[in-house]
Amino acid sequence: MKPREFLNLLDEQKIEAAIAEAEARTSGEIRVWVSAKTVDDPVARATQRFDKIGMRKTRERNAVLIYFAPASQKFAVIGDTAIHEKCGQSFWEETAAEIREKLVAGNFTEAVIGAVKKAGEVLARHFPPHPENPDELPNTILRD
């Protein structure tokens, strides 16, 4: 699938609202990235994007990136050190399985929102909001 087709099938307003809702219950940050590039290793590419946009600079090191490369039909879900330590590898594998199932069914917006909600739940459980809970990163969908 071409990246533009994937983006056209996404309801960006719903996704951004889901990010805002999830982040309201946690001090964590969630970002979504859709790449126009063909990638062999989506985890490596997501890690590069994670670093590029400063996701390792969050106060509690509890950011999550949901990365899609539709031209390659690949995706990755990665998190910073603090969230990974709390949820473990099984969380990422379960989240990926749920995303994959929805993508295969053609439910692209639901795949993204499901991943955002799942990340938000685990972030809220381990990283509750603070009285001063700034939104450290924008909720908009990123592209390259």
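## A β-α-β unit

Strand S1, helix H3 (residues 42-52) and strand S2 form a right-handed β-α-β unit. Right-handed here means that, with the strands pointing away from the viewer, the path from the first strand over the helix to the second runs clockwise. Helices (H or I, at least four residues) and strands (E, at least two) are DSSP runs, numbered from the N terminus.

The model is predicted: local features need pLDDT of at least 70, side-chain atom pairs count only at pLDDT 80 or more, and totals for chains, interfaces and linings use all residues. Residues are numbered from 1 along each chain as its sequence is written, and side-chain values use heavy atoms, with hydrogens and water left out.

Buried means under 20% relative accessible area, exposed means over 50%, and partly exposed lies in between (1.4 Å probe, protein chains only). In a regular strand the side chains alternate between the two faces of the sheet. In S1 both faces are covered: Glu29, Arg31 and Trp33 are buried on one side, and Ile30, Val32 and Val34 are buried on the other.

S1 runs parallel to S2 (residues 63-69), and 6 bridges join these strands. Two strands are said to pair if DSSP finds at least two bridges between them. Isoleucine 30 has valine 64 as its bridge partner in S2. S1 also pairs in the parallel sense with strand S4 (residues 142-143), over 2 bridges. There, leucine 142 of S4 is the bridge partner of tryptophan 33.

## Salt bridges

A salt bridge is counted when a side-chain nitrogen of Lys or Arg lies within 4 Å of a carboxyl oxygen of Asp or Glu. By this rule there are 8 salt bridges. One of them joins the side chains of aspartate 144 and arginine 49 (3.9 Å, N to O). This pair links distant parts of the chain, 95 residues apart: aspartate 144 is in the segment after S4 and arginine 49 is in helix H3. Aspartate 144 is partly exposed at 28% relative accessibility, whereas arginine 49 is buried, with a relative accessible area of 10%. Leaving aside neighbours within four places in sequence, arginine 49 is in contact (heavy atoms within 4.5 Å) with Trp33, Leu65, Tyr67 and Asp144.

Lysine 118 and glutamate 94 form another salt bridge (3.6 Å, N to O). It links helix H5 (residues 108-126), which holds lysine 118, to helix H4 (residues 81-104), which holds glutamate 94, 24 residues apart. A further salt bridge joins aspartate 51 and arginine 56 (2.4 Å, N to O). Asp51, Arg56, Arg61 and Asp80 are linked in a network of salt bridges.

## Nonpolar cores

In soluble globular proteins, nonpolar side chains tend to be buried together. A nonpolar core is a set of buried Ala, Val, Leu, Ile, Met, Phe, Trp, Tyr and Cys residues joined through side-chain atoms within 4.5 Å. The largest nonpolar core has 34 residues, of which Val32, Ile66, Phe68, Ile99 and Val116 touch the most other members. Helix H1 (3-9), helix H2 (12-23), S1, S2, strand S3 (74-79), H4 and H5 each supply at least two residues of this core. H5 gives the largest share, 9 residues.

Not counting residues up to four places away in sequence, isoleucine 66 touches Ile30, Arg31, Val32, Trp33, Ala76, Val77, Ile99, Ala115 and Val116.
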